[in-house]
Amino acid sequence: CSGSGIPNIYHFLRDTGKYPEPSWLAAKLSEANDPTPIISRTAADGREAICTATMKLFVEILANEASNMAIKVLATGGVYLGGGIPPRILPQLHDPLFMKIFTAKGRFAELLNSFPIHVIRNPEAALYGAAYYGLEMR
């Protein structure tokens, strides 16, 4: 579940034939070094069903993976979503579908519902963490 997986989801949905790929979008994606921003922006604008479906599936995978990890580590202090994608898809993460999927873990639903979920917006957060760790190890 990463930004680089978004084009894979897109290609899967396109190749199944369920979602047609408009020619303008195919041309734009073929010219791009990284198609992820094009797919996510097009989905956010609601312009193409294939992009909307791609991002919906990505958010579902993210919610499932985040809740699996939260249960594994008993993340009562909160779940922190990092990387380049979560800050760019905040509207999808605030959609009730995210929490519905995040908490859909049977007997763990109530526990998961109590975990705060945060999106890391500072792109240098990992560097700060590494620097802190380095200083502590001295």
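T54 is buried, with a relative accessible area of 0%, where buried means under 20% relative accessible area, exposed over 50% and partly exposed in between (1.4 Å probe, protein chains only). The residue lies in helix α4; helices (H or I, at least four residues) and strands (E, at least two) are DSSP runs, numbered from the N terminus. Leaving out residues up to four places away in sequence, T54 touches I6, I9, Y10, L13 and I39, contact being defined as heavy atoms within 4.5 Å.

The model is a predicted one, in which local features need pLDDT of at least 70 and side-chain atom pairs count only at pLDDT 80 or more, while totals for chains, interfaces and linings use all residues. Residues are numbered from 1 along each chain as its sequence is written, and side-chain values use heavy atoms, with hydrogens and water left out.

## Overall architecture

The protein chain holds eight helices and two strands, arranged from the N terminus as α-α-α-α-β-α-α-α-β-α. Its C-alpha atoms fill a box of roughly 55 × 40 × 20 Å along the principal axes. Of the 138 residues, 33% count as buried. Among contacts between residues at least 6 apart in sequence, 67% join residues at least 24 apart.

After α1 comes G17, whose phi is positive, near 85°.

In α3, the buried residues are T36, I38, I39, S40, T42 and A43, and they pack against α1, α2 and α4. Just after α3, G46 has a positive phi of about 70°.

Two packed helices are described by the angle between their axes and the distance between the axes. For helix α2 (residues 23-31) and α3, the angle is about 145° and the axes are 9 Å apart. Here axes are lines fitted to C-alpha atoms, for helices over the stretch in contact, and angles run from 0 to 180 degrees between N-to-C directions. The crossing of α2 and α3 is right-handed; a crossing is left-handed if the near helix is turned anticlockwise from the far one by less than a right angle, and right-handed if clockwise. W24, L25, K28 and L29 in α2 meet I38, I39 and T42 in α3. The residues of this contact divide into five nonpolar, one polar and one charged. In this classification Ala, Val, Leu, Ile, Met, Phe, Trp, Tyr, Cys and Pro count as nonpolar, Asp, Glu, Lys and Arg as charged, and the others, Gly among them, as polar.

## Pockets

On a 1 Å grid over the protein atoms alone, a pocket is an open set of points where a 1.4 Å probe fits, with protein on both sides within 12 Å along at least five of seven lines; lining residues have an atom within 4 Å of a point. Grid points are joined across faces, edges and corners, and a volume is the space filled by probe spheres set on the points.

| Pocket | Volume | Lining by class |
|---|---|---|
| Largest | about 290 Å³ | eight nonpolar, three polar, four charged residues |

The largest pocket has a volume of about 290 Å³. Of its 15 lining residues, A43, A44, M55, P91 and Q92 are the closest to the centre. The elements that give two or more residues to this lining are α3 (36-45), α4 (49-73) and α5 (90-94), and α3 gives the most, with five residues.

The second largest pocket is lined by 19 residues, with L62, A66, Y80, L81 and G82 nearest its centre. Elements giving two or more residues to this lining are α4 and β1 (79-81); the largest share, six residues, comes from α4.

## Sites beyond α4

L74 is found in the loop between α4 and β1. Residues up to four places away in sequence aside, L74 touches L111 and F115. The C-alpha atoms of L74 and N8 are separated by 30 Å, the two residues being 66 residues apart along the chain.

N113 lies in helix α7 (residues 109-113) and counts as exposed because its relative accessibility is 54%. Beyond its neighbours within four places in sequence, N113 is in contact with M99 and T103. N113 and F102, eleven residues apart in sequence, are 8.2 Å apart in space, C-alpha to C-alpha.
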